[in-house]
Amino acid sequence: MFNLFLLQLLNGAQFGILLFLVAAGLTLVFGIMDFINLAHGVLYMVGAYLMATFAGMTGNYWLGLMLALPATLIFGLVLEFLVFRRLYDRSHLDQVLATFGLILMLSEGVRILWGSAPLNVEMPELLSGSVPLAGPLKYPVYRIAVIAAGLASAVGLWALINHTRAGMLLRAGASNRPMVAALGVDISRLFMLVFAGGAMLAGFAGAIVAPILSVDPGMGESILILTFVVIVIGGVGSIRGAFLAAILVGVVDTVGRTFGPIWLRMVMDPSAAAQTGRMLAPMLVYLLMAAVLFYSPTGLFGRRGAK
Amino acid sequence: MSRFAPQIAPRLKAALAILVLMALVPVAAHAIGDPFLSVIANRMLVFAIAALSLDLILGYGAMVSFGHAAYLGFGAYAVALGARWGVTDLLAQILLGMVFSAAFALVTGAISLRTRGVYFIMITLAFAQMAYFFFVSQGSLGGDDGVALQGRSTLLGLSLDGDVTLYYVTLGALALVYAGLYRLTGSRFGRVLKGTRENSLRMQAMGYRPFPYQLVAYVIAGCLCSVAGVLLANLTEYVSPAYMGWHRSGEMIVMLVFGGIGTLTGAMAGALVAVGLEEVLAAFSEHWRLGFGLALVLVVLFSPEGLTGLAKRLGIGGKHG
Amino acid sequence: MAELLEIRDLRKNFGALAVTDGVSLSVGEGELHAIIGPNGAGKTTLIAQLSGQLAPDGGQVLYGGEDITHLDMAARVRRGLARSFQITALLPGMTVLENVALAVQARSGSSFRFWRDAGGEEITNAQARAALEEVGLADRAAVLASALSHGEQRQLELAVALATKPRLLLLDEPLAGTGGQEAERLIALMQRLKSRLTIVLIEHDMDAVFQLADRISVLVYGAIAATGTPEAVRADPAVRAAYLGEDA
């Protein structure tokens, strides 16, 4: 029982790390540019598809990853150049409409190019297999590698934001946009950097998750909505909030699905527990979001006093 | 009142003309011998009701809700659940759908409306997704796959099995929703809603607290949309969580903007045209979303003020409104 | 003269900057109390705290003896405390009459009425017209607020505030951006209102201030530098140094 819990906890953490990678760029885009981008999940999807393509073409996971990352970055920059930068000054409604159109278009484009059937990516030999955890329990090396890679990215991001000039501007911009403009910083370049970084992280998340998840045209959308939940809980513009909220959402979602029915069995009869558990599990993260919002409308680390 | 006469009467006339024109569709379909035309037209009417309800909050209230399809789902599931509980009357099912919707809108609206801007958009989307997953997890209602209905509802003993009967009932519902919203938007309540959209701070300085008005509008919009859901379930004789997916919410916004936001006649016309267009495009190519999405992006980018240009001139749809 | 408004040691900080630095002030019933001071002295911030738009960090606001420090804007308006905005805040997409009628509606009956045509409410419209008459905008009633000239928008601001039937009026630079005839008309209007209402006036037009005010307070760096009759303030050397010196 404890072993199962540990296993789910790790799975939850791994899922949370992925959510964080997608959410990190998006929360900055929201915070700094006040720009609602529904199409961010597309970058995650494109990252996974490019990974599948390049890994398949070269027959090598590492080569695939090295090609997929810059390709996603370029794709993101092209999107920024062609579409997003024209939307920063528009109303939220325009932003919603245009980025929604982009989702429709790109999802369909992916379907045309790669088909609707899920694709598989081979795990690299180096990271396949399992390591013993506690007692008889084993855990796949690849998932541990995902967690490690995500944590490394988070630490890198943290260092970037707290110890560089660009990071300082980002922090200032996320909490006070006019101030950054007043400092005479080239805002459009800052925006592009933020966007490129966000695209890269989302693409990275898509690429490294490809071997353990099927790559399909709907993957960008399912993660997008959970990313929103993460950002709302963490507070728009807060990287720290996004990290904590992502881990929280990942763990609550994963552990809740397995342990919800088990724990409910302590207070109700088994069949009712199973039924209620099945019903509540997928709603848990949303209820969590509602609870956080009830306590603080701007999330855990959002700007206070921003009405 | 007379002051408005020259301004509003043409719109009211246009709305009447649209309704009359739609009333002739089954006749035309019969004449050319294509009964499927009525089914498509019926679908158009259903979404016109949904778009009208969304216009109340998005157009008149400037609340960009990205989760309105949830209420379509509540209405549809009210039919499935009603039938299961032996409630087959359309009106009773509408009432049931409204009760679900009102409860959901009251709770989620009270939380969402404490926030603004990007938060509001994300939160309404997330709550709708929660409702979606709720129904996906209901194995007894078919879960992900949904459930086929045994038959259509009855209206005060009248069977709606005939497509033409259902069509005119839907048309009647659309006319009633239009008339109700026409009155509402001209009423005291409607004025407060519009005023808040124009300048919330000014309204507070007049002595209003916007929150209860916005919340009530949010609940009304949800209830009206559930009527569309009840009719949609009857039309397709099928109920599934897909009705409340977030794509549907997005499409509803597109429909609304298509015809001009913040005007009831525009919302109605926009939905009719958009659904019709969708049917045509879908018949043309299975990849119609590619072109549809591209068109949407291009229109927003290259029309001088975007699709909401008109809305902006009215002072709504702004970032901080 | 009974005190209608009493401000006790009001404090507000924006970061390290004390924008309102222990302001204490009382305004008697029927008084026109002008607050003057150089740009950035914290006048608008003070009005924002009096009207309930901004919560103070410390101190109290008493209105008719009641502590209203923690009431929101709507609650204060209902008690008869109305304000105008320095930067014109109207409902641009609605007509002039509708702008004022909404203010009338706020204090007369419920606004949770969903069916009857609000534009057909004769009593509401009549009261709204009376307020427009008062500021001289009656003939512009059917025009969209966004179509008014700047001066007319300032007049409409006043009409909206008056339509709430206030006992205390907070006017934030009502003359800003107006000139010549428009300004004269607004000054004459304030002169008339003075006899019926208590007014707190923020204004840069010194001629108007000295012509209208019963008492004047000078705000410098968020604190009251002097309070007194126009004559006393004009003569105060500290005031001359701090403020009037650069203007007069």
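User: How many Å separate the centres of domain 1 and domain 2 of chain C?

Analyst: In this predicted model, the two centres, taken over C-alpha atoms, lie 26 Å apart. The domain assignment gives domain 1 as 1–80 + 166–248 and domain 2 as 89–165.

User: Which residues touch, and how much area do the two domains bury between them?

Analyst: The general idea: an interface's size is often given as the accessible area lost when the parts come together. Here, domain 1 and domain 2 of chain C bury about 1300 Å² between them, and 59% of that is on carbon and sulfur atoms. On the domain 1 side, C:Pro166, C:Leu186 and C:Leu189 supply 32% of the area this domain buries against domain 2, more than any other three residues. As for contacts, 20 residues of domain 1 meet 14 residues of domain 2.

User: What about charged or polar links: how many does the rule find across this interface?

Analyst: The rule finds one salt bridge between the two domains, plus six residue pairs in polar contact. Look too at C:Arg196 and C:Glu134: their side chains meet in a salt bridge, 2.9 Å from N to O.

User: Which helices and strands supply the domain 1 side?

Analyst: Helix H2 (73–78), strand S7 (168–172) and helix H6 (180–194) of chain C each give at least two residues to the side that touches domain 2. H6(C) has the largest share, with six residues.

User: And what classes of residue are found on that side?

Analyst: Sorted by class, the side of domain 1 of chain C that touches domain 2 has ten nonpolar, eight charged and two polar residues.

Key. Residues numbered from 1 in each chain as written. Chains lettered and ligands numbered in written order. Predicted model: local features only at pLDDT ≥ 70, side-chain atom pairs only at ≥ 80, totals over all residues. Heavy atoms only, no water. Domains from an automatic or database assignment. Contact = heavy atoms within 4.5 Å. Buried area = accessible area lost by both parts, 1.4 Å probe. Salt bridge = Lys/Arg side-chain N within 4 Å of Asp/Glu carboxyl O. Polar contact = N/O pair within 3.5 Å; in protein donor to acceptor, adjacent residues only side chain to side chain. Helix = DSSP H or I, 4+ residues; strand = E, 2+ residues; numbered from the N terminus. Nonpolar A, V, L, I, M, F, W, Y, C, P; charged D, E, K, R; others polar.
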